[in-house]
Amino acid sequence: MIKRPGRVDHLVRKQKAITPPMHLEPGSPAAQHTEAAPSTAPAASDANPSVPVSAGPSTLDGARLRDGDLVLVTRHDGSVESRVRRWGVWHADVEQPGDRAWSDAELLAAIADLAGAVGKVGEIGQIGQGARSERGDQVRYIPRQAAAASTSGRRRVVVTGLGAITPLGYGVPELWHGLLEGRCAIRELTDEEFADHPARIAGTVETDPAELLPRVQARRMNRSAQFAVLAAREAWQDAGFDPAGTAQSGLDPERVGVSVGTIIGGTPVMIEGDRKLREKGLRAVPALTAPMTVPSQASSQISLDLHITGEARTVVSACASGTEAIGAAIDRIRHGYLDVAVAGGAEAVITPAVMASFSSMRALSTRNDEPGRASRPFAADRDGFVNGEGAGLLVLESEEHARARGARIYCEAAGSGLSADAHHIAAPDPTGSGVASAVRRAIRDAGAHAVDVVHVNAHATATVEGDLAEAKALRAVLGEGSVPVTALKGNFGHLQGAAGGVEAVATVLTLHHGVIPPTIGCDTLDEAIALDVVTSAPRPLPARGDLALSNSFGFGGHNAVLALRRCA
């Protein structure tokens, strides 16, 4: 069972926290007479909401406090103040991690002051029934309630396999090592057809995917679908399944699904077919042009390759497509429609027409003379995004299915959140309110709180407006500088519909290995960002907290956030 603290809504829903509660003054007599208790992440039994707990201790002994415990102070004037224990410390508001949390010792000292029991913290007790100070302030300790059996019918979903093909190379090891080493795979476009373009750089995959597939099979796929099949094969085998497919892996193919996000799919095939029609006539157009053009080809080809018959879903939500596709797969497993799903994103957009369209919008960086430093997420001198291509796929399973077959589990796919800006056809809402809504919904869907978030893999495309809007949203939900953030588009550019899939793979690995890759290209952080952006070198993942977010936002106001939880 994956271990985590449960939500504490049942304790604080009716309480209004007042800051600063209990008016603790550093160095007060109570603080000097209170034995300090270590502030650590909860023990395994504390973190698992399915483990029953006792009714609570009769005294407030710091060694016996539990995450989810609540202390209420009802003032003589009728106001109510509260502190909830989460990750070994006490928060006035679990949705505002920027507020200073208290240690056990600080909380006990504050209660001692109020109860007039300086130096006798252990005798405050019996406060399960409430202790009252001389002036009428009442202190009440409410222990965490034993978790009731779930009636939602939702199953936990875990990640058991990863696959990727990116500008950093073919395979997840190439991706991960490249990120940790801070390598950039953005290159100059040397083909003559790009010669007169203002932006002549992109994150291209150097390996020809067609050469890694059987010739007949490759000729029936667009480039995006080729990326998808290769990444799916890697993820499938990484999960411990037979490369021959579902039946050979002992799976019921009707209980397995595919969910892939993309934006343009095989549109380049249609553009090429149109060119041949105009230049050479009707007979020059290949017979499979139409089926190779549809955006759904990536998911259908994965289905064909692995003989998956449950469903083959395609999500088209601009640059949020890959993340939204993963969220859809999580829900299908949660609610019992599937046991296993291959989910993520794939895209191949490095074509003259697509590059020209983005250039016309003035959305692309034009640092053609320094491709290795062109994509600069969150940097003060950022000037636009760099196009990229590739695919990133995850194998998701219900937890019981994965454990029954002894699978290696990377992390829990805990939830997702969506929203729409309803602001502009292309520009982000500068207030960041839509993004903030998606972030909050992802956290809530994961059964978590803002204080549980330990890391954010940002969308951060290196556009001026987009980066500012995302930063504003993250500050609104998570506080200013309280959570380490990284952005990976400096390494390989913006992979469009594949971005959410590839960045989800990276976020899974961040949780699994406990290390955050650095943001490259951000030599000077824009002061207006005001986030804790990880730069220069990898950083250990903080110990307190268990939830990581992976953000994706797209033209038209599509916002999608994935919530992943590390395993104990």
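Helix H7 (223-238), helix H8 (267-280), helix H9 (289-293) and helix H12 (352-360) each supply at least two residues of the lining of the second largest pocket; helices are DSSP runs (H or I, at least four residues), numbered from the N terminus. The model is predicted, so local features need pLDDT of at least 70 and side-chain atom pairs count only at pLDDT 80 or more, while totals for chains, interfaces and linings use all residues. Residues are numbered from 1 along each chain as its sequence is written, and side-chain values use heavy atoms, with hydrogens and water left out.

**Second largest pocket**
- Its volume is about 650 Å³, a volume being the space filled by probe spheres set on grid points joined across faces, edges and corners.
- A pocket is an open set of points on a 1 Å grid over the protein atoms alone, with protein on both sides within 12 Å along at least five of seven lines; lining residues have an atom within 4 Å of a point.
- Of the 30 lining residues, Pro268, Val269, Glu272, Ile350 and Thr351 lie nearest the centre of the pocket.
- H8 gives the most to this lining, with six residues.
- The lining divides into 14 nonpolar, eight polar and eight charged residues; Ala, Val, Leu, Ile, Met, Phe, Trp, Tyr, Cys and Pro count as nonpolar, Asp, Glu, Lys and Arg as charged, and the others, Gly among them, as polar.

**Largest cavity**
- A cavity is a set of grid points where a 1.4 Å probe fits but cannot get out, and there is one of 30 Å³ or more.
- The largest cavity has a volume of about 40 Å³.
- Its lining includes Val456, Leu474 and Leu531, and comprises six nonpolar, three polar and no charged residues.

**Helix packing**
- The axes of helix H11 (residues 321-334) and helix H17 (residues 499-513) come within 5 Å and cross at roughly 65°.
- H11 is therefore roughly perpendicular to H17 (65 to 115 degrees).
- Gly322, Thr323 and Ile326 of H11 and Gly500, Gly501 and Ala504 of H17 make the contact (heavy atoms within 4.5 Å).

**Confidence**
- The chain has a mean pLDDT of 86, pLDDT being the predictor's confidence in each residue, from 0 to 100.
- pLDDT stays under 50 over residues 8-59 and over residues 117-129.
- Where pLDDT is low, predicted coordinates should not be read in detail.

Key: Axes are lines fitted to C-alpha atoms, for helices over the stretch in contact, and angles run from 0 to 180 degrees between N-to-C directions. Angles under 35 degrees count as roughly parallel, over 145 as roughly antiparallel, 65 to 115 as roughly perpendicular and the rest as oblique.
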